[in-house]
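Work through the exercises below with the coordinates open. Each task is followed by a stepwise solution.

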Amino acid sequence: MLIKKYKSKPAIIVWLLLALVLLVVLSIAFSGNGNSSFKTTPDDINEPTIVTKSNTDLKEIILDKLNVIYSDSLVSIHLLSETGVGELMFVYGKNAYPKVLTDNFSTSIVLKDSTKTISGKNRLHFYEQPGIPEEVNFFGKRFIVFKFNLESEDYIGGYIDVENIKVIHTSRHIGGVGARYSIRNIVVDKIVGLQAALPTVTIKLNNRSFKKLEKKRYGALRNGVLESYDTDLVNVSLFGLDSTQLKAQMRLKGDWTQHLEDERKWSFRIIMDGDKTFNGMRKFSLQAPVTRNYLWEWLFQRAVREADIVSLRYSFVNLNLEIESDSGIEKRPIGIMAVEESFDKILIENNRKREGVILALDETIIWGKREKGFHLGLGNVAGGTRGFKEVVPIRVFNQNKVLSDSKLRKQFEVAKNLFEGYRSGIYKTSEVFDMDKLTSFLALTNLFGGHHGLWVFNLRFYYNPISNRLEPICFDSNSGIKLDKVREHPFVFDEPEYKEMLLEKLHLVSSAQFISDLLERYEGQLNELYTALNSEFDFAFDRSILAYNSGVIKKHINPDKAVTAHFIEINKKQITLQIKNLTNHKIRLDAITHKDGRFLSKNDKFELSPNESRYVTFGLNRYFRNAFVSKKDKVGEFAYPKDIAKLKIKYHIAGVNYSRTQDIIPFSHNDGLAESVNKHRLMFASNYKNLGFVEESQDTLFFKSGRFEVSKNIIIPKGKKVVIAAGFELNLTQNASLISFSPLICNGLIDAPVVFTSDDGTGGGVFVSNAAGKSIIEYSEFTNLSNPQMNGWALSGAVNFYDSEVLITNSLFSENRCEDGLNIMNSNFVIDNSIFRDTQSDAFDGDFVTGRILNSTFINSGNDAIDVSGSRLTLTNIEIRNPSDKALSGGEASEITGSNIKIIGGEIGVVSKDLSAVKLTGLVIEDTRLGLSSFQKKTEYGAGLIVISNLTLINNELDYLIENNSVLTIDGVAVQTVSNNIIDQMYGGEYGKSSR
């Protein structure tokens with residue numbers, strides 16, 4: 001049931017003022033200046049739309065104490081129903097305000113009829129946090145109002161029928177107080193409601209005519225669609241409220257059989273005889289309210305009429321059929337039906353338009369296809385309208401009259417040519433359509449979720465002979481559906497003027513004020529109609545759908561991020577930015593501003609097309625310098641890059657009256673991208689064919705013996721095998737490196753090694769990456785090399801293997817000038833009988849590797865001799881002399897095992913850190929500053945572990961330094977740990993080499 005409204009009588013002066021305002025509004029609406037007839041000031045584009053009752057309604061509910069089911073000194077609870085959506089409203093006086101800000105409600109409802117629930121239970125539970133309270137003031141009294149809908153997934157239809165509520169149990173939890181405010185056993189008495197009656201219409205026809213309609217219905221149900229012809233019409237008589245008999249013709253109506261499936265409620269098309277009309281209409285339909293989603297079509301038609309868009313008269317009646325036969329009159333009560341106006345001259349005149357033709361697309365092609373599919377047992381095989389809208393013929397309503405009237409025939413030719421010219425891409429949108437009405441129609445269609453009306457075969461156009469433009473006609477919208485996205489007209493191209501005007505209209509209709517005003521204007525009628533329809537149908541008119549659709553529209557017209565702005569350059573007179581439009585909308589750039597809002601640019605205005613990116617230069621005004629005055633020395637000067645953070649670009653989306661700002665990124669975006677891409681591609685482009693020392697046989701490249709020099713990178717592609725002969729020597733200059741994506745086979749000999757070097761110290765190094773086979777490095781020397789690098793890309797080692805298995809034997813890594821002499825990553829490896837000498841930093845660095853180092857020597861490493869992280873490493877017969885930092889270091893959960901290892905001189909012998917475990921037998925550490933250390937360096941890991949058996953410590957400054965929680969055991973005995981600040985003593989603190 002519905003709350004009753006009582007309207008007070010305003011003073012005569014108020015009426016006069018309202019009349020004056022109305023005259024002004026009407027003069028604007030019908031002034032013909034092309035501006036939309038609905039006006040509002042949308043200022044809530046970033047806020048969710050909340051649809052509530054007007055303050056006038058609240059005043060009546062609160063002061064007249066309508067539908068109060070509970071009341072005490074703190075709160076009154078009202079049980080309401082707004083067109084089927086049950087609602088509890090809690091109203092607090094002024095003293096309750098500090099408490100109710102944190103109110104939460106838990107409620108259970110006992111139902112009279114449990115069959116209305118999916119579970120069959122008669123009790124529903126839900127918990128609600130009302131959120132932000134609404135404050136209202138009436139006659140100097142302040143009230144705080146919380147409201148929430150009575151919705152439950154367990155209730156059939158989702159909305160709890162107020163009249164089905166028997167008892168309410170509710171509790172209110174006051175945050176920070178700890179109290180529980182309970183209201184129990186509220187017995188819901190009868191709720192005050194409105195009484196409404198619909199007019200009754202009776203249609204009389206003879207039994208033969210009824211049987212003809214019945215046969216047509218059976219055929220349609222069998223075929224899956226209804227195809228209608230003039231021969232289907234039967235003679236009937238209509239009787240309205242005044243009992244006047246009106247002659248008419250009637251047939252079944254509707255394409256889909258949903259119009260005919262109900263045993264009682266068949267849809268009918270009525271055509272009045274001669275010049276007679278029924279409620280002012282000569283052609284109209286009678287159909288079940290569900291076919292147009294009950295009250296939604298009624299409200300949508302009124303909303304579009306307010307925007308001066310051609311709309312259909314739409315109402316509801318109680319329908320009775322009387323079937324006359326020889327045996328008497330059979331009376332069939334049909335019940336409530338929707339009355340929908342059809343398309344003719346009267347429709348246009350009723351919309352205060354000059355007579356003009358009405359166009360549509362001929363839908364017989366698609367219905368014939370669907371009927372054929374049903375007939376062949378294929379179901380609905382017609383699919384969508386893709387391909388149809390480009391070729392389907394145009395049709396005109398009342399064709400015989402139009403073609404036989406010279407004036408209307410000329411209008412039809414003009415209208416048809418306009419539409420066909422537009423459809424074929426000759427005309428622009430503004431040359432064919434009334435842009436204001438088209439965009440208003442689309443905006444309202446999206447607000448109401450009436451996309452069914454945008455289906456190609458539901459489109460109707462009125463040709464206005466005065467403006468020489470096509471105007472949309474609102475038809476079959478099936479409104480009241482939640483949007484998934486904003487939809488546009490299926491025929492309208494993506495033109496800037498159209499897009500901008502559409503965004504303007506979407507901005508207007510999505511405002512909370514527009515929606516609230518619309519609902520308030522029709523509140524009484526909606527309530528009355530809902531009461532009438534609810535006597536037969538179980539449905540709800542959920543106005544929150546408008547709020548939801550408003551949010552979808554706001555997200556569309558005001559995306560989270562619309563532009564990016566990158567700094568390019570600045571001088572005393574101008575600033576240049578690279579600005580990218582991230583949207584499908586046109587964007588207008590208004591100014592450069594300070595973060596405090598001051599304008600710092602001249603009156604330069606720029607536009608960005610959808611998704612456009614370009615350089616924009618703003619002239620700077622005389623206030624720019626003063627905007628960066630230092631408080632310390634009172635001197636004004638822009639300082640890059642720190643002052644970029646104080647600048648913003650001010651802009652707005654064309655058509656959306658809302659200014660936005662965007663921070664400026666203090667560097668360019670992809671400046672010289674094409675050149676950078678080209679350089680990157682050339683970096684690894686194969687070029688071995690131009691080398692005089694390379695011979696190719698099938699997939700094998702042979703590097704010939706001899707000394708050669710290169711000053712450019714050598715790039716070997718995938719799918720090859722590189723075989724390097726004994727005695728091959730390559731001198732690398734000018735940063736040149738050997739980069740191979742295939743394995744290297746270096747077949748050096750003891751007296752004819754393979755040599756990679758850089759005589760003048762300008763060369764790069766060697767990089768093997770993602771090679772399919774194993775590289776074998778035998779009797780090879782890598783001396784005086786640096787790391788491969790170019791165009792900002794660089795590696796750490798003189799020799800590098802990445803994701804490439806490698807075996808290195810009898811080789812020398814000497815005097816290499818980079819972070820690592822040899823760096824192996826993500827690979828399996830073996831190093832045997834090799835020497836690492838005089839490396840600038842680490843001799844060997846392994847990252848996430850599994851491998852073995854045998855019978856090898858490390859001398860005078862500039863940092864660590866052997867350093868691994870995240871790796872599994874086995875060491876056998878290793879000698880390390882004079883490392884500048886650590887001889888052997890394991891980090892980041894590495895596991896190192898080994899035997900017969902000798903460390904002489906240097907800073908630190910063995911280190912295990914960050915969940916690493918080092919387990920060695922036969923270890924000698926001699927003449928080092930610190931023998932062994934175990935600790936945690938990185939917080940994301942843990943302590944270290946060292947396990948040594950058969951340890952010899954000779955002449956070390958400090959044998960071991962072990963942090964709490966880390967472990968060192970020697971021959972099974974744990975040594976004493978010290979404090980947790982070992983990290984402060986390492987890396988140059990007291991021991992080792994500074995990592996800074």
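**Exercise 1. Cysteines**

How many disulfides does the count come to?

Solution. This is a predicted model.
Step 1. Apply it. The count comes to zero disulfides.
Step 2. Cys746 has 0% relative accessibility, so it counts as buried. Cys818 has a relative accessible area of 4% and is buried too.

**Exercise 2. The barrel**

Trace the strand order of the barrel, then examine the pairings of β10 and β15.

Solution. 
Step 1. Write down the order. Seven strands close into a barrel as β10-β11-β12-β13-β14-β16-β15, with mixed pairing. Neighbouring strands of this sheet are turned by 40° against each other on average, with direction ignored.
Step 2. Strands of a sheet pair through backbone hydrogen bonds, in parallel or antiparallel fashion.
Step 3. Take β10 (residues 200–206) and β15 (residues 314–325). They run parallel and are joined by seven bridges. Lys204 stands opposite Glu322 in β15.
Step 4. Turn to the other pairing of β10. Three bridges link β10 to β11 (residues 234–239), and these two strands run antiparallel. Here Thr202 stands opposite Phe239.
Step 5. Follow β15 into β16 (residues 328–341). A hairpin connects them through two residues. The two strands run antiparallel, with 12 bridges between them. Ile323 has Glu330 in β16 as its bridge partner.

**Exercise 3. A helix across the strands**

Which strands does helix α4 lie across, and at about what angle does it run to β10?

Solution. 
Step 1. Locate the helix: α4 covers residues 207–223.
Step 2. List the strands. Helix α4 lies across β10, β11, β12 (245–252), β13 (268–272), β15 and β16.
Step 3. Read off the angle: α4 runs at about 95° to β10.

**Exercise 4. Helix α11**

Solution. 
Step 1. A residue is buried under 20% relative accessible area.
Step 2. Inspect the ends. Asp434 caps the N-terminal end of α11, with a side-chain oxygen 3.2 Å from the backbone nitrogen of Asp436. Gly449 follows the helix and has a positive phi, near 65°.
Step 3. Pick a residue inside. Ser440 lies in α11 and is buried at 0% relative accessible area. Its C-alpha atom is 9.2 Å from that of Asp308, 132 residues apart along the chain.

**Exercise 5. A loop threonine**

Is Thr49 buried or exposed, and which residues does Thr49 touch?

Solution. 
Step 1. Thr49 sits in the loop between α1 (12–29) and α2 (55–63).
Step 2. Classify. At 9% relative accessibility, Thr49 counts as buried.
Step 3. List the contacts. Not counting residues up to four places away in sequence, Thr49 touches Ser510, Ala512, Ile515, Ala547, Ser550 and Lys554.
Step 4. The Thr49 side chain reaches the backbone oxygen of Ser510 at 3.5 Å. The Thr49 side chain also makes a polar contact with the side chain of Ser550, at 2.6 Å.

Methods. Residues numbered from 1 in each chain as written. Predicted model: local features only at pLDDT ≥ 70, side-chain atom pairs only at ≥ 80, totals over all residues. Heavy atoms only, no water. Pairing = 2+ DSSP bridges. Helix = DSSP H or I, 4+ residues; strand = E, 2+ residues; numbered from the N terminus. Axes fitted to C-alpha atoms, helices over the stretch in contact; angles between N-to-C directions. Contact = heavy atoms within 4.5 Å. Polar contact = N/O pair within 3.5 Å; in protein donor to acceptor, adjacent residues only side chain to side chain. Disulfide = S-S within 2.5 Å. Buried < 20%, exposed > 50% of the residue type's maximum accessible area, 1.4 Å probe, protein only.
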